Every structure is written in C-alpha cells, then in structure tokens.
Amino acid sequence: MHLEKEGGRRSPRTLQVELHQTSAPTRAGLGLASSSHRPPLGVSGAAPESPYPRGAARQSCWTPMDQDWGSFLTERRSHSPVPHFCSPRSKEPYLTESTPLLGNSSQDKGSQHLPVGHPERIAVEESWDHSSAEWEGRSLLSSEAAGSSGSSSSDKGDLLEGASHRLSRLRRCARWLKVTSLFVFVVLCSISFSLYPDQGKFWQLLAVSPLDGYSANLSSHADSTLLQVDLAGALLARGPSRPGREEHVVVEVTQAEAPGSRRRPQQVTHNWTVFLSPRRSEHLVVSRTFEVLSRRGVSISIRAALQQTQAVPLLVAHQYLGASVEAQVTIAAVILAGVYVLIVFEVVHRTLAAMLGSLAALAALAVTGDRPSLSHVVEWIDFETLALLFGMMILVAVFSETGFFDYCAVKAYRLSRGRVWAMTIMLCLFAAVLSAFLDNVTTSLLFTPVTIRLCEVLNLDPRQVLIAEVIFTNIGGAATAIGDPPNVIIVSNQELRKMGLDFAGFTAHMFVGICFVLLFSFPLLRLLFWNKKLYNKEPSEIVELKHEIHVWRLTAQRISPASREETAVRGLLLGKVQALERLLARRLHTFHRQISQEDKNWETNIQELQKKHRISDRVLLAKCLMVLGSVICMFFLNSFVPGVHLDLGWIAILGAIWLLILADSHDFEIILHRVEWATLLFFAALFVLMEALAHLHLIEYIGEQTTSLIKTVPEEQRLAAAIVLVVWVSAVVSSLIDNIPFTATMIPVLLNLSQDPEVSLPAPPLMYALAFGACLGGNGTLIGASANVVCAGIAEQHGYGFSFMEFFRLGFPMMVVSCTVGMCYLLAVHVVMGWS
C-alpha cells in the first residue's frame with residue numbers, strides 16, 4: 001500500500017517498508033521504472049494482494065507523477081544505498097511456494113535497507129547538489145548522441161519485427177498448406193475406396209480324387225491384368241521336407257495367347273502344384289496369381305494325385321485384379337515412403353501417419369479390385385499383441401502407485417556409486433538379460449518408468465538413456481527363442497523342427513552370437529555418447545518446473561468440457577499453467593544457465609534420496625509383486641509346457657484383472673488415463689498397413705528378388721552370399737516395416753530355396769541369418785520394433801518424448817555394427833567351420 005504525506009512525498013518509514021518488500025533489481029541508468037511487469041501470481045494460480053496499483057512500477061525507487069523531476073534526480077543520485085535497496089538476491093514470496101512436483105526454493109535471506117534520513121545518505125545528497133549543474137550539462141551533450149543511437153536501434157527493432165512477422169506468416173502458410181494437402185489426399189482416398197464395391201470371395205466346395213477332377217470356364221474382364229486363384233483345405237504352404245511320392249493337387253490355368261501375327265492364337269497353360277497335409281483336419285488358405293494374356297476366356301482344372309481313391313474336400317475361389325504385380329509393388333513402395341516422410345519430418349503424429357498409410361493402402365487395394373471387407377480388415381489386426389500391451393500397461397499403472405519405481409531408481413543410483421556411465425551400462429545390461437527371457441515389449445513396459453524416474457532424481461536427460469536401453473532390449477531379445485516374435489515364429493515352424501531346429505539348439509546358437517554383439521555394442525555406445533552430456537544443461541529447479549508445466553497442460557487437455565464444472569476445472573488448470581509459465585520466465589531471467597557436474601558427494605545425497613523416495617504402499621506392493629510374478633511364470637510356462645493353453649495376451653489380460661480386484665481401486669478412470677491409447681491405435685493401424693502392403697505383393701516381391709540374387713552367385717560361394725544377403729535384407733526391411741509379417745513371409749521363401757535342387761543350401765544357416773537380421777534390424781528406426789514404439793509412447797506420456805531422428809542417430813549405427821558382428825559370426829561358424 002502507498003501511504004503518502006502532504007505534497008505527494010512519502011515518509012521514510014513508508015519507503016523503508018516498500019523497499020523491503022520488493023525483489024526486482026534496479027534497471028541500469030536513470031529514469032522511471034518500467035510498468036510492463038504484471039502482478040505476481042503464486043503457484044496455485046491465485047493472485048495475492050499487490051502493494052502496487054495496476055500498471056504501476058514494481059520497484060522501490062519510484063516517484064509520483066506530480067513530483068518535481070529535479071528533486072527526483074536529487075534523490076536518485078545516491079550510489080551507495082541503491083545496491084542495498086534493490087538487491088537482486090532478495091526473493092519474492094511466491095518463489096518459496098511448494099508444489100507436488102517442485103521442491104521448495106531457497107528461503108528469503110532478508111533485505112538490507114537504509115532509512116531515508118540516514119547520515120550517509122544526507123552527505124551523498126549534498127555532494128550531488130554541488131555537482132548538479134555539471135551533471136545536467138553533460139546530460140544535454142549526451143542527449144544528442146542518445147537520439148541518434150536511439151533512431152538506429154529503432155530501425156534495427158523494426159527490421160527484427162518485420163522479419164519475425166514474415167516468419168510467422170510463412171509458418172501459417174506452411175501449416176495451411178499441410179492441412180489442405182492432407183485433407184485433399186484423405187478425400188481422394190475416401191472417394192476411391194467408396195467407388196469400388198467389396199467383391200468378396202465366393203468359395204466353391206469341391207471333392208477331387210484321382211478319378212474325379214474339376215474343370216470350369218471363367219469369364220474374363222476387359223480391364224483385368226491378373227487372375228488370383230485361392231485354395232483352402234488340408235494343404236501345406238510349401239513342399240515337403242523330404243520330396244517323394246507325396247499327395248498333391250495340380251491346378252491348371254489355360255488361356256489363349258494374345259493375338260499377334262499368327263492367325264490362330266496358341267493355348268498357354270500354367271501348372272500350380274499344391275501339396276496336401278497328411279493331417280486332414282488342418283485348414284490353410286494358399287493363393288497364386290496368373291497373368292491374363294488376352295480378353296478371351298480362361299479355363300481352370302483341378303486334379304489330385306492321391307495314394308487312395310478317397311476324395312479330398314477343397315474350397316476354391318478366384319477374382320480378377322486390375323493392376324500388374326509391378327504396379328502394385330510400386331504403389332506399395334510409394335505408400336510406405338510417404339508414411340516414413342510423415343514420421344521422419346514429424347508432419348503429423350506417427351499414429352495419424354500410420355492411419356493415413358492404411359487408408360491409402362486400402363484405397364489402392366480397392367482400385368486394383370481386391371477391396372477387403374470391414375470384417376476382413378479387423379482380422380488383420382494382431383489382437384494378441386494389443387492384449388499383451390493393454391494388460392501390461394494396466395499392471396504398470398497400478399504398480400506405479402506403490403513408489404516402487406522411485407525406490408528402484410535410488411537403488412540403481414547407489415549401486416552405480418554416483419557414476420552416470422556405470423549406471424547406464426548397468427541398466428542396459430539388465431534390460432538385455434531380462435529381455436532374453438521375457439518379451440521385449442514387456443521389458444520396455446517395466447523398465448521405462450524406472451529409467452525415467454531415475455533420470456529425474458539425478459537431473460539427467462531421460463531421452464538418451466531410454467534410447468540406449470530399448471536398443472539393448474532388442475539385442476537381448478534375439479538371444480533366445482522366446483525373446484522376440486521373429487524367433488518364436490521360426491522355432492514354432494513344424495518343417496524346421498523336422499530339420500533339427502529345436503528350442504535348445506536355436507537358443508544356444510543365437511545366445512553365443514548375441515554375446516559377441518553385446519561385446520562390441522557397449523564400446524560403440526560409449527563412443528556415440530562421447531561428446532554428449534547426459535546431464536541437463538539447466539538447473540534442476542528449471543527442469544522440474546518445465547516438466548510440471550507440461551504435466552499440468554496435459555492434465556488440462558485431457559479434461560473434456562462436457563459440463564460447467566469440468567469447464568471450470570479446466571480453466572483453473574490452465575490458469576495454473578499460465579502462472580507456472582510466468583514463474584518459469586522469471587526464473588530463467590534470474591538464474592544463469594549452468595551445466596551440472598557429476599555428483600561427487602553421492603554418499604551424502606543418497607541418504608537424502610532414501611529418505612525422500614520410499615515405498616508408499618507396502619500392501620499394494622506385495623499384491624503387485626505377487627500378480628506380476630504369476631504373470632511372468634505363466635509366460636515361461638506358455639513357452640515350455642504344452643498343457644498351458646493361454647497366449648501371452650490372455651495371460652496379461654487375466655493378470656490385469658487380478659490386480660484390479662486386489663488393488664480395490666475406485667478411481668478406475670485414472671488408471672485408464674495411464675494406458676497409452678495412442679500407442680495401441682498406432683499398432684492397430686500398423687498391422688493393417690503391413691497386411692495391406694503384403695496384399696500388394698511388396699513383401700513377396702522382396703523375397704523373390706532375394707532368391708534370384710542368391711541363385712546368380714557361384715555354387716562354391718553361394719552359402720556365404722546367402723547369409724550376407726539374408727542378414728542385410730532382413731535388417732533393412734525390418735527397420736522399415738514390421739518384422740513379424742516379413743519373417744512369416746520369408747520362412748517359406750527360404751525353405752523353398754533350400755529345397756531347390758539347383759541351389760542345394762542348408763536351411764538352418766538361412767534361418768539364423770533371418771533371425772539376426774529381423775531382430776537386430778528393429779534398432780534401425782523408431783518404428784522398426786514394437787519395443788521402440790512402446791518406449792516412445794511411455795516417454796511421451798511422461799513429458800520426455802523423442803523424435804524419429806533422435807532415435808535414428810543412435811539406433812542406426814548400432815544396427816549396422818550389431819548386424820555386421822552377427823554376420824561375421826554366422827560366416828565363421830557355417831562357412832569357415834562348416835557347421836550346418
């Protein structure tokens with residue numbers, strides 16, 4: 001408050017009280033105090049009573065507007081009291097507020113002040129009275145120079161303002177162009193998808209035998225270029241492991257050659273041999289495409305070669321496609337490249353990018369005549385993976401309420417004895433070992449919250465540590481047959497088991513190779529981080545304040561303004577965000593940026609951290625450990641005990657239900673808010689995209705090209721060339737698309753290659769090369785492996801999201817080195833030592 005005496009002058013006591021309350025430093029030079037400061041707001045967002053009127057200056061050295069300017073200069077010409085009055089060390093009351101995520105600031109040390117009637121101040125004022133005329137003369141001489149410099153500075157300010165205005169206009173134009181182009185693209189894809197109806201497959205039931213076959217004439221389409229024939233029944237996807245007199249079915253497609261110089265077109269016949277499974281209860285769908293040579297009719301006949309005369313039931317369907325295989329592969333490659341452009345340059349969120357790619361691929365399938373139905377598209381989604389992710393996210397959300405992650409962070413800090421690199425290597429090694437026995441997605445779900453909390457305690461940047469950790473999670477998952485989905489697909493193949501590729505042999509062979517990979521990966525990680533500071537470049541107070549602002553803003557955005565009360569709560573949270581942003585601006589202005597050094601008195605700090613970060617709910621922790629231990633044991637039993645008829649998704653869902661009942665939590669919506677719905681939707685869109693690209697023959701085309709390259713190599717060097725090609729093709733493709741459909745497609749391709757009498761290659765070395773490339777290639781990009789996407793989603797929810805390029809700068813060199821080491825290991829074992 002302002003209590004003034006007559007004549008507009010305040011008493012010394014009033015001035016003394018006001019000087020004690022202020023915290024803003026005195027501006028350089030002489031003149032009136034700035035009025036641009038807003039009244040201070042506390043952390044809670046409420047505005048305390050301010051001793052200054054609205055628009056008045058928030059400094060102690062001020063003068064009323066009716067006061068004489070000369071007397072004001074006389075009062076201001078004192079050097080010694082001013083630093084004491086306006087000391088920059090004094091703190092405002094709102095800087096001592098405490099919030100749940102923000103530690104207490106240092107307390108006010110007190111303000112030094114001198115009364116106006118102090119003898120020292122009177123002596124200084126008298127000295128200024130004698131030199132007043134001289135000072136005013138100098139000020140008149142300097143006013144001219146100040147005017148010229150002021151004009152030049154105003155010109156610079158106008159230039160900067162114009163440049164910033166142009167930059168903002170360019171940004172608005174770029175944003176408008178992005179939204180318009182994407183909207184036009186989506187509209188065109190929607191129109192293309194809606195113009196072509198869902199043809200559907202009309203299956204026809206047949207009964208073929210050596211005595212009774214099937215034949216039919218198919219009507220052709222004028223604009224068709226391919227004919228796709230589908231067979232379903234007790235079939236094998238590939239030839240038998242030991243060719244002999246096996247039961248099979250031969251499909252003959254006969255059509256007339258395109259008319260040319262000849263008067264009478266010749267008949268062209270294509271034969272397709274499909275082997276029958278000895279177990280008649282199995283059901284498998286196989287398909288093959290044939291090129292349509294002319295507009296004349298096409299005839300199809302099916303005959304069986306059986307050891308008995310008993311008929312075999314089959315289902316047959318056909319459909320015409322309007323584009324060639326080369327055109328479909330080109331379209332698929334363009335769609336995949338477009339999705340990567342959207343993700344790499346962060347034009348849109350990666351979930352929306354995957355959805356746009358799925359829409360484009362479905363539109364391409366509709367145009368070519370292979371539009372799938374909605375139920376068919378839903379079947380493309382791997383719900384087992386989504387169920388595994390959802391169940392483990394629920395478990396981790398309840399687990400985080402116990403304070404266990406904070407406790408683990410402090411323990412890891414104590415084991416590393418305050419050394420950051422020792423702690424990082426320890427986390428990476430432990431994640432690699434655990435991922436060898438658990439699924440790498442589960443390992444990421446468990447390790448990411450612990451790592452984030454540990455980095456927050458130590459004022460580290462969690463992004464680099466998380467990227468390194470998930471890379472070693474993918475490396476460790478390749479060590480065993482159950483650590484990564486491609487390994488599970490390879491080991492569960494019945495034909496490979498007949499060739500001796502069982503669980504124990506596969507795990508032993510891969511484990512030795514991954515040990516060599518880890519031996520080279522840790523020094524490379526240290527080399528890549530050689531010039532990078534893992535510590536935050538800002539003080540911990542500012543880092544925590546920025547993180548708190550981000551968390552409160554996300555909380556406000558998640559509240560839907562459906563009612564008046566929710567709108568009011570949202571407004572209060574946004575007001576709190578604005579208050580914290582003003583507090584952050586003042587702290588950035590006050591504090592100098594400084595790079596923290598490694599904590600050398602870690603023994604002293606570890607005691608404080610242990611007192612602060614303890615287990616908050618021991619009963620809930622015991623329940624969580626019991627349920628999580630049961631879930632992990634069921635994961636192992638599912639891999640080793642054939643009597644357990646539960647997939648990984650079912651185990652995770654059942655564990656989540658158990659824990660929700662034991663936790664007895666009534667705030668179920670809070671738990672659901674911690675589920676990474678964007679990550680689940682991204683995986684669903686990615687599954688649809690990959691399956692649509694497979695229907696566009698992209699993955700099949702890659703496998704065929706790899707096979708043709710291997711056949712061109714001389715026979716004595718064919719095995720080495722096959723290992724090199726399979727490793728690097730698998731690594732590059734797995735870094736671009738999901739490795740699960742690629743592995744499932746490459747297994748029959750490599751089996752047919754090994755059974756080809758012209759090639760004569762052993763199958764196990766090719767499968768090991770496929771496993772190394774598919775598992776280690778996931779480190780190449782952010783969407784190359786499921787664990788990468790899960791880790792990025794959890795980090796983004798905690799306010800530490802990392803971009804595609806940030807992951808690529810570290811992951812791609814690690815992928816290249818790890819694949820090189822794995823390739824050398826396979827060459828040394830299978831080519832040099834001759835083990836097959």
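I call a crossing left-handed if the near helix is turned anticlockwise from the far one by less than a right angle, and right-handed if clockwise. I am working on a predicted model, where local features need pLDDT of at least 70, side-chain atom pairs count only at pLDDT 80 or more, and totals for chains, interfaces and linings use all residues. Residues are numbered from 1 along each chain as its sequence is written, and side-chain values use heavy atoms, with hydrogens and water left out.

**Entry: H25 and H27**

I looked up helix H25 (residues 718–736) against helix H27 (residues 763–776) and found them packed at about 30°, their axes 7 Å apart. That makes H25 roughly parallel to H27 (angles under 35 degrees count as such). The crossing of the two helices, H25 and H27, is right-handed.

I then listed the contacts (heavy atoms within 4.5 Å). On the H25 side they include Leu719, Ile723, Val726 and Ser730; on the H27 side, Leu766, Ala769, Leu770 and Gly773 are among them. The residues of this contact of H25 with H27 divide into 11 nonpolar, three polar and no charged.

**Entry: H9**

I checked the span of H9 (residues 383–399): its 17 residues reach 24 Å from first C-alpha to last, close to the 24 Å expected at 1.5 Å a residue. In H9, 14 of the 17 residues are buried, so the helix is largely enclosed by the rest of the structure (buried means under 20% relative accessible area, with a 1.4 Å probe and protein chains only).

**Entry: Thr473**

I placed Thr473 in helix H13 (residues 462–477). Thr473 counts as buried, at 2% relative accessibility. Leaving out residues up to four places away in sequence, I find Thr473 touching Ala431, Ser435, Asn440, Thr443 and Ser444.

Note on methods: Axes fitted to C-alpha atoms, helices over the stretch in contact; angles between N-to-C directions. Helix = DSSP H or I, 4+ residues; strand = E, 2+ residues; numbered from the N terminus. Parallel < 35°, antiparallel > 145°, perpendicular 65-115°, else oblique. Nonpolar A, V, L, I, M, F, W, Y, C, P; charged D, E, K, R; others polar. Expected span 1.5 Å × (residues − 1). Buried < 20%, exposed > 50% of the residue type's maximum accessible area, 1.4 Å probe, protein only.
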